[in-house]
Amino acid sequence: MAEPLGDLTRTHTCGGLRADDVGAEVVLLGWVHRVRDLGGVTFIDIRDRAGVSQVVVRENEALATVAKKLRSEFVVGVSGVVQRRSPETINTKLATGEVEVLAREIRILNEAKTPPFQIAEDSPVSEDVRLKYRYLDLRRTRLQHHIGLRHRVTMAVRRYFDANGFWEIETPILAKSTPEGARDFLVPSRIHAGEFYALPQSPQIFKQILMISGMDRYFQIVRCFRDEDQRADRQLEFTQIDVEMSFARPESVYGVIEPLMQQVFKEIGHEVRPPIRRMPYSEAIARYGSDKPDLRFGLEIRDLSDVFRNAEFRVFKDIIAGGGVVRGFAVPGGNKYSRSQIDVLVDQAKQMGFTGLIWVRPGEPPLSSVKALTEGTLRAALAGASAANEDLLLMAAGPAEGTSKLLGQLRLAIAKKENLLDPEKFEFLWVTEFPLLEYHEEDGRWYAMHHPFTAPLDADIEKLESDPGVVRAKAYDLVLNGSEIGGGSVRIHDAALQSRMFKRLGISDEEAKERFGFFLEALEYGTPPHGGIALGVDRIVAILAGESSIREVIAFPKTANAVDLMAGAPSPVDAKQLRELHLKIQN
């Protein structure tokens with residue numbers, strides 16, 4: 001039977017008691033973490049989000065009777081006096097471990113059913129069970145730490161931007177559908193039959209309009225929505241730190257975001273030292289096979305085409321003559337791999353899409369999976385890849401970008417296998433000068449690699465119509481440990497250039513006016529040069545917390561199948577609601 005809270009008023013959190021509090025009268029309010037009945041004395045651990053305190057019941061028959069009723073996750077109020085633990089019972093693993101509370105009153109504020117999993121222990125539990133009972137999962141120490149970290153990060157962000165002259169301005173959640181890229185979530189209008197709002201994939205157009213409005217420096221910690229497939233680092237709804245600045249060049253954005261990262265990483269005691277390294281997209285692809293390379297380990301891809309341009313191996317010669325490349329990387333210590341281990345690597349490479357993976361062992365003489373290669377060629381390839389005697393050289397040949405991307409996948413797989421991904425190490429990188437456009441063979445048209453409002457490099461504008469594939473963008477991604485944690489660009493601020501961009505994307509004047517007419521008109525009223533970035537809160541906090549999935553740092557995430565198991569969403573709705581929205585479900 002639950003008792004009333006009455007006049008019980010918390011004096012300390014369960015994680016707040018220290019040796020200085022000895023002798024103080026205190027009231028703790030929280031959940032029963034553990035109960036240990038030792039006969040003449042009972043120990044009760046009381047927990048709240050701040051931590052755990054030990055409560056002791058001794059030489060008090062009435063309280064002992066109450067204590068026997070307690071079970072895990074009962075909500076209780078305890079009043080008593082703080083006393084020092086005896087030296088042999090001090091718990092050095094707890095911040096409160098030097099003291100305990102001698103109970104004078106225990107009030108059961110609410111009982112609890114037996115939880116479907118242990119709250120007091122971070123034991124393995126299936127994710128479906130955790131998400132169904134998320135309110136219990138969130139009581140666990142690890143999750144409470146992550147949510148607290150997320151709070152501290154967003155508070156640090158707000159303090160930083162306020163101190164640097166940015167205004168936080170809210171943009172609409174119900175907006176116009178402008179499909180380009182990921183699918184919109186549509187919201188039917190009850191008032192306007194047959195018409196729809198869209199939930200924003202980002203505040204992109206609105207933040208640019210704020211620059212046209214003279215707001216100069218804007219930021220927002222904003223919810224965004226994309227109807228796309230789920231991954232460990234992706235959810236249907238997500239949170240980003242949205243930033244826009246007038247009169248900005250890429251260096252202006254770097255100069256604002258790098259000190260912000262310093263402030264954010266102070267929350268885990270890590271020092272970020274600007275300037276953050278920068279690397280053009282083309283170089284990142286060539287050297288690491290990815291536009292979001294993980295720099296915590298080596299395994300750098302080297303171009304070995306010159307070694308094989310006139311070599312005796314016909315396959316490589318023909319690929320190079322046709323405009324392709326030979327590239328590879330040295331695996332540190334890989335010469336110790338057995339032949340069966342190397343065969344597993346080759347099979348793994350084939351599953352990734354390699355047509356062939358060539359290996360070379362240093363030695364006297366070097367050995368290779370291709371018998372036709374001479375000792376001189378093998379030694380030249382090993383030297384070109386800076387492979388030491390204890391290393392293993394892996395090579396592939398084909399089109400430049402595709403070959404590097406496949407080697408990049410293999411590079412990462414080997415790094416995971418060899419435990420080279422140090423979770424205590426943080427390697428930032430700005431990837432710059434992305435291609436403005438990418439061509440999709442399936443529908444025979446060009447798409448914006450980022451979004452259609454990204455400005456091309458000034459030197460490349462003249463090639464927008466004649467050679468669109470070589471046009472580089474004033475775009476940049478902030479990468480951390482192989483994850484893209486932010487993406488941005490300098491925007492197109494000239495209405496004529498924006499119209500050219502739409503035409504290049506196959507968007508007619510009529511379609512552009514229908515989808516973006518209000519924005520195109522706004523551009524004609526004195527738009528300043530401007531640029532910005534959006535940083536992913538979920539991904540940043542997951543990295544800070546040492547988690548591989550962003551679901552671990554979101555209070556109420558969806559499953560990999562985009563389902564809210566706790567609330568039961570998505571779900572059918574009442575027929576009356578559908579009629580009010582002028583909708584009909586077709587089977």
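In the predicted model, helix H13 (residues 495-504) has Ala 495, Leu 497, Gln 498, Met 501 and Phe 502 buried, where buried denotes under 20% relative accessible area, exposed over 50%, and partly exposed the range in between (1.4 Å probe, protein chains only). Viewed down the axis of H13, these buried residues fall within an arc of 160 degrees and so line one face of the helix; the arc is that of the directions from the helix axis to the C-beta atoms. An α-helix has 3.6 residues a turn, so residues three or four places apart point the same way. The cover over the buried residues of H13 includes strand S18 (437-440), strand S19 (445-448) and helix H14 (509-523), contact being defined by heavy atoms within 4.5 Å. Helices (H or I, at least four residues) and strands (E, at least two) are DSSP runs, numbered from the N terminus.

Residues are numbered from 1 along each chain as its sequence is written. The model is predicted, and local features need pLDDT of at least 70, side-chain atom pairs count only at pLDDT 80 or more, and totals for chains, interfaces and linings use all residues, while side-chain values use heavy atoms, with hydrogens and water left out.

An open sheet is formed by five strands in the order S12-S13-S16-S14-S15, with antiparallel pairing. Strand S12 (302-303) and S15 stand at the edges, each with a single partner strand, so one side of each is left without a neighbour in the sheet. Two strands are taken to pair if DSSP finds at least two bridges between them.

Three antiparallel bridges connect S14 with strand S16 (residues 392-398), and Trp 359 stands opposite Leu 394 in S16. Strand S15 (residues 367-368) is joined to S14 by two bridges, again antiparallel, with Arg 361 opposite Leu 367. S14 and S15 form a hairpin with five residues between them.

Strand S10 (residues 237-246) is mostly covered, nine of its ten residues being buried. Strand S9 (residues 217-225) runs antiparallel to S10 and is joined to it by nine bridges; Arg 223 stands opposite Thr 239 in S10. Seven bridges connect S10 with strand S22 (residues 530-536), also antiparallel, and the bridge partner of Ile 241 in S22 is Leu 535.

Asn 60 lies in the loop between strand S3 (51-58) and helix H1 (61-69) and is partly exposed, with a relative accessible area of 28%. The C-alpha atoms of Asn 60 and Lys 266 are 47 Å apart in space, and the two residues are 206 apart in sequence.

Overall, the protein chain has 16 helices and 22 strands, and its C-alpha atoms fill a box of roughly 95 × 75 × 55 Å along the principal axes. Buried residues make up 48% of its 587 residues. Of the contacts between residues at least 6 apart in sequence, 67% join residues at least 24 apart.
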